[in-house]
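Trainee: Could you show me how to read the packing of helices and the burial of residues in a model such as this one?

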Amino acid sequence: MSLTAQQMRHFRDSGYLRLPDLVPESLASRLRGLVRAETAVSPAVADTPGAQPKLYRLYQRHPELVHELITLPRLVAPLCSLLGPHVVYVLNRHNQAAVNAPETAAPRLHRDILQWTRGLVTAVVYLEESTVLNGCTQLVPGSHYLPLVGVPQPDGGGTWMDEHAEFTDLLDQALPIPMPAGGVLLFDALAFHTVSANTSDSTRMSLVLGFRSADELDRHPDRSRQVLVSGSHLYRGNDRPPAHESAALLSPAPRDVLPGAPVDFGARR
């Protein structure tokens, strides 16, 4: 079901939206089985000691099952409300399962992307109930509007909140967001968030997925790093001349122009 105007406004203003009971139990059960089977042969990896272990390349491990999830109409409709009718699932950000085990330490607040490159929406699919005790997601509402800053680590995509002095006064403003099994949390990937510590005796299993609008200025989409889930790959660049104009508009610069030198296109207008 498409989002209401109030739901879209809440997402824009606060940076997140809860969608409880979105994934049918029959599908959630099969996804739990996939995560358990994959972690048995390929243990999940923690980025830092004590952090939440992650199982990467989720789609590649079982394309048919994960494709069923990312094209689920009940998930795609809200995404289209936020991103427009042409939506892709990204394979090179998130695309992972996470198991928050007992005694897992609380990771630091972070963003999922460095800047508003493509307006990524993060979708966390909870395959087990997520509570304050077993480490539910915490998020700083409105933090997607905070300044964009550099990232000091040599690898990774986001920004650590505690590494930048301009964010110090908001480090203790994250709110817990409990979710039932089968629920989905959508949030702006620029919103600062974290997984809280698991102080219970049970696990908290989830999938972390990334979606964005199809890039209308990308003439040659890299289909090895994205999966179309709604609409089509469309190109809307204005570098193609109208049919009545000469193809010379797209011809290369004269050979006597040095590489890197400015070219005067005034005569072509």
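**Helix packing and burial**

Mentor: In this predicted model, helix 2, which spans residues 25–41, packs against helix 4, residues 63–70, at an angle of about 140 degrees, and their axes are 11 Å apart. Two packed helices are described by the angle between their axes and the distance between the axes.

Trainee: Why are helix 2 and helix 4 described as oblique to each other?

Mentor: Angles over 145 degrees count as roughly antiparallel, and with an angle of about 140 degrees helix 2 and helix 4 are therefore oblique to each other. The crossing in which helix 2 passes helix 4 is left-handed.

Trainee: Which residues of helix 2 and helix 4 meet?

Mentor: From helix 2 come Leu-27, Arg-30, Leu-31 and Leu-34, and they meet Leu-65, Val-66, Glu-68 and Leu-69 of helix 4. By class, the residues of this contact of helix 2 with helix 4 comprise 6 nonpolar and 2 charged, with no polar ones.

Trainee: Which residues does Gly-231 contact, leaving aside its neighbours within four places in sequence?

Mentor: Gly-231, which lies in the segment after strand 11 (226–230), is in contact with Pro-85 and His-86 once those neighbours are left aside. Although Gly-231 and Pro-85 are 146 residues apart along the chain, their C-alpha atoms are separated by 5.6 Å.

Trainee: Where is Ser-130 placed, and is Ser-130 buried or exposed?

Mentor: Ser-130 belongs to the loop between strand 5 (121–126) and strand 6 (137–139), and with a relative accessible area of 1% it is buried. Not counting residues up to four places away in sequence, Ser-130 touches Gly-135, Cys-136, Thr-137, Pro-178, Met-179 and Arg-204.

Trainee: What about the cysteines, and how many disulfides does a search of the whole structure find?

Mentor: A disulfide requires a pair of cysteine sulfur atoms within 2.5 Å, and the search of the whole structure finds 0 disulfides. As for accessibility, Cys-136 has a relative accessible area of 0% and is buried, whereas Cys-80, at 21% relative accessibility, counts as partly exposed.

How values were computed:
Residues are numbered from 1 along each chain as its sequence is written. This is a predicted model: local features need pLDDT of at least 70, side-chain atom pairs count only at pLDDT 80 or more; totals for chains, interfaces and linings use all residues. Side-chain values use heavy atoms; hydrogens and water are left out. Buried means under 20% relative accessible area, exposed over 50%, partly exposed in between (1.4 Å probe, protein chains only). Axes are lines fitted to C-alpha atoms, for helices over the stretch in contact, and angles run from 0 to 180 degrees between N-to-C directions. Helices (H or I, at least four residues) and strands (E, at least two) are DSSP runs, numbered from the N terminus. Angles under 35 degrees count as roughly parallel, over 145 as roughly antiparallel, 65 to 115 as roughly perpendicular and the rest as oblique. A crossing is left-handed if the near helix is turned anticlockwise from the far one by less than a right angle, and right-handed if clockwise. Contact means heavy atoms within 4.5 Å. Ala, Val, Leu, Ile, Met, Phe, Trp, Tyr, Cys and Pro count as nonpolar, Asp, Glu, Lys and Arg as charged, and the others, Gly among them, as polar.
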